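I am opening my notebook on a structure that is new to me. Come along while I look things up one by one.

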Amino acid sequence: MGVAVPDTYVELADLAMARGVAPGKYVEGLGVTRMGVPLVNEDTVTLAARAARMALESAGCSPEDVGLLVVGTETAVDHSKPVASYVQGLLGLPTRCRIFETKHACYGGTAALQMALDWVRSGSAKGRKALIVCSDIARYGVGTPGEPTQGAGAVAMLVSDTPALLALEAGKTGVYSKDVMDFWRPLYSKDALVDGHYSVQCYLDALEGAYRAYQESAAEPAGEGAYSDRFAALVYHVPYGKMSRKAHRHLRTLDGDTAPDASFDRLVGNSLVLPSQVGNIYTGSMYLALASLLSTASQDLTGQRVGLFSYGSGSCAEFFSGVVQAGAQERVKALGLEARLTRRRALSIPEYEDVMRAREHLDERPAADAAGSGFRYQGTRDHKRIYAT
């Protein structure tokens, strides 16, 4: 895996006070303490490239070994050219590599992952690896009800027939989809629109449908206790931390648990450590929660099954599972994700609002040298996006 987040963030307590709201409504009410805010030299492409490079380097994988690159995103930078093409160029991936972009709200990354799994299992990979990247910038606008549920980041996963972190179980997956209008972003708008209460219900309905479908596909004999106790941990799609609590309560109630909150810290708590400091990253939210679980859990998860639930508005959802591999936790801890978060810089509220205003015109900004190192968005020249490495 690889993870990238902006170098700057906003404290939700500061944002709450600036908006005349009690800090607890944002912090405890949402289960988020900080939200990542990208500066004008960061976008979906640079975040994706940074996460992908970390995944390749941590696995000791050469770009030449990658035969499939898919980027799942709902904040693309072009109506035609995929984010994957820019990432291919920035990373120097080979020309004999299938590349494209997937979109289905927050489910787009999981759609890409499932396609990659089929590609590997079918033998089409022929020993090569798939690079799956979930990259997004969640934006709702200054002063809007959705403002405290913003965030930005990317998670990259290298998929092969010799997994080092998680062996995803073939055939054990449950899907649920339904045409709903709970969250959308019209072509004329940079900001997303959401029917908040309805979207929560759509999420819970999809969780129930996908979970029931998973149980049928797994076809395992009945056992004592709650079915979800067959998992050492549960990782939910996390637009904000409180949604995971609602999801877990609903799932355990489906299992007949009369005290559904009692198992929350045990099964879910570790997965929320990193997301609570980054905010909503759409397609990558569940995978950041998975990274959080592997990075912060104190118990040895080797050989244990983890349940994963992915949801994308509109809607499509999937519940699937994987088995933690030996050494996985040490590998993810070696990425130093918690330390990377502590090195970020806090923005004051006036600085944050200036950044948001500047990002309104990001796509038309004339290209100029962008200070710093690593992948950076420099602006546009002749209607073409320019990046520095």
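Predicted model: local features only at pLDDT ≥ 70, side-chain atom pairs only at ≥ 80, totals over all residues.

**Entry 1: D363 and its partners**

I began with D363 and found a salt bridge to R385, where the closest N and O atoms are 2.8 Å apart. For my notes, a salt bridge is a side-chain nitrogen of Lys or Arg within 4 Å of a carboxyl oxygen of Asp or Glu. D363 sits in the loop between α12 and β15 and R385 in strand β16 (residues 384–388), so this pair ties together parts that are 22 residues apart in sequence. I take helices (H or I, at least four residues) and strands (E, at least two) as DSSP runs, numbered from the N terminus. R385 is buried, with a relative accessible area of 11%. Here buried means under 20% relative accessible area, exposed means over 50%, and partly exposed is in between (1.4 Å probe, protein chains only).

Residues are numbered from 1 along each chain as its sequence is written, and side-chain values use heavy atoms, with hydrogens and water left out.

I then found that D363 also forms a salt bridge with K190, again with the closest N and O atoms 2.8 Å apart. K190 lies in the loop between β9 (183–184) and β10 (193–194) and D363 in the loop between α12 (349–359) and β15 (376–381), so the pair ties together parts that are 173 residues apart in sequence. D363 is partly exposed at 32% relative accessibility, and K190 is partly exposed at 32% too.

**Entry 2: other salt bridges**

How many salt bridges does the rule give? I noted a count of 21. One of the pairs I looked up is E11 with R34, with the closest N and O atoms 2.8 Å apart. E11 belongs to strand β2 (residues 8–11) and R34 to strand β3 (residues 34–36), so parts that are 23 residues apart in sequence are tied together. E11 counts as partly exposed at 22% relative accessibility, and R34 counts as partly exposed at 22%. I also wrote down a network of salt bridges that links E169, K172, E220, R230 and R305.

**Entry 3: S321**

Is S321 buried or exposed? I found S321 buried, at 0% relative accessibility. S321 lies in strand β13 (residues 316–324). Its side chain makes a polar contact of 2.5 Å with that of E169 and another of 2.8 Å with that of Y214. A polar contact is a pair of N or O atoms within 3.5 Å; within protein, one must be able to donate a hydrogen and the other to accept it, and residues adjacent in sequence count only if both atoms are side-chain atoms. Setting aside neighbours within four places in sequence, S321 is in contact (heavy atoms within 4.5 Å) with residues including A167, L168, K172, F231, R305 and V306.

**Entry 4: nonpolar cores**

Next I turned to the cores, where a nonpolar core is a set of buried Ala, Val, Leu, Ile, Met, Phe, Trp, Tyr and Cys residues joined through side-chain atoms within 4.5 Å. The largest has 90 residues, and I132, Y236, F309 and F319 touch the most other members. Helix α6 (residues 196–218) gives this core its largest share, 10 residues. Apart from this core lies another, of 32 residues, among them A4, L47, A49 and A156. Leaving out neighbours within four places in sequence, I132 has contacts that include V70, G109, L113, V155 and M157.

**Entry 5: backbone details**

I spotted a cis peptide bond between G314 and S315, with omega about 5°. S315 is placed in the loop between β12 (305–312) and β13. Phi of A105 is near 45°, a positive value in a residue other than glycine. A105 is in the loop between β5 (98–102) and α5 (108–121) and is buried at 12% relative accessibility. Y282 also has a positive phi, near 50°. I found Y282 in the loop between α8 (264–267) and α9 (285–296), buried at 3% relative accessibility.
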